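Here is a short briefing on one chain. Look over the sequence and the structure first, then read on.

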Amino acid sequence: MKKNKKDVATRRSLLRLVSKRRQLLNYLQKVDIERYRAIVKELGLRR
């Protein structure tokens, strides 16, 4: 994305994937907090 600033299609796809991941993590946080914490730790999303 840094090289091709005008590549809107790839940017849009990436934002969709990130948004979907966020939705799934929000759901998991509500349903099973321990599993959420394990996944976040494994992925290294929170510091």
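Patches are made of residues with over 30% relative accessible area and no salt bridge; nonpolar side chains (Val, Leu, Ile, Met, Phe, Trp, Tyr) are joined within 5 Å, like charges within 9 Å. Met 1, Leu 14 and Val 18 make a nonpolar surface patch of about 260 Å². The model is predicted: local features need pLDDT of at least 70, side-chain atom pairs count only at pLDDT 80 or more, and totals for chains, interfaces and linings use all residues. Residues are numbered from 1 along each chain as its sequence is written, and side-chain values use heavy atoms, with hydrogens and water left out.

**Overall build**

- The chain has two helices and zero strands. Helices (H or I, at least four residues) and strands (E, at least two) are DSSP runs, numbered from the N terminus.
- Along the principal axes, the C-alpha atoms fill a box of roughly 40 × 20 × 10 Å.
- Of the 47 residues, 9% count as buried. Buried means under 20% relative accessible area, exposed over 50%, and partly exposed in between (1.4 Å probe, protein chains only).
- The accessible surface comes to about 4800 Å², and carbon and sulfur atoms hold 53% of that. Areas come from the Shrake-Rupley method with a 1.4 Å probe; for residues, only the protein chains shown count as cover.

**Helix α1**

- Leu 14, one of the patch residues, lies in helix α1. Leu 14 is partly exposed because its relative accessible area is 44%.
- Gln 23 also has its place in helix α1. Its relative accessibility is 48%, so Gln 23 counts as partly exposed.
- Tyr 27 is found in helix α1. With a relative accessible area of 54%, Tyr 27 is exposed.
- Tyr 27 and Lys 41 are 14 residues apart in sequence; C-alpha to C-alpha, they are 17 Å apart in space.

**The loop**

- Asp 32 sits in the loop between α1 (8-31) and α2 (33-43). A relative accessible area of 30% makes Asp 32 partly exposed.
- Asp 32 and Glu 42 are ten residues apart along the chain, and their C-alpha atoms are separated by 16 Å.

**Charges and the salt bridge**

- The chain carries 16 positive and 4 negative charges, and their mean positions are 11 Å apart. Lys and Arg count as positive, Asp and Glu as negative; His and the chain ends are not counted. A charge is placed at NZ of Lys, CZ of Arg, CG of Asp or CD of Glu.
- How many salt bridges does a search of the whole structure find? The search finds one. A salt bridge is a side-chain nitrogen of Lys or Arg within 4 Å of a carboxyl oxygen of Asp or Glu.
- Glu 34 forms a salt bridge with Arg 37; the closest N and O atoms are 3.2 Å apart.
- Both residues lie in helix α2, three residues apart, about one turn of the helix. Glu 34 and Arg 37 are both exposed.
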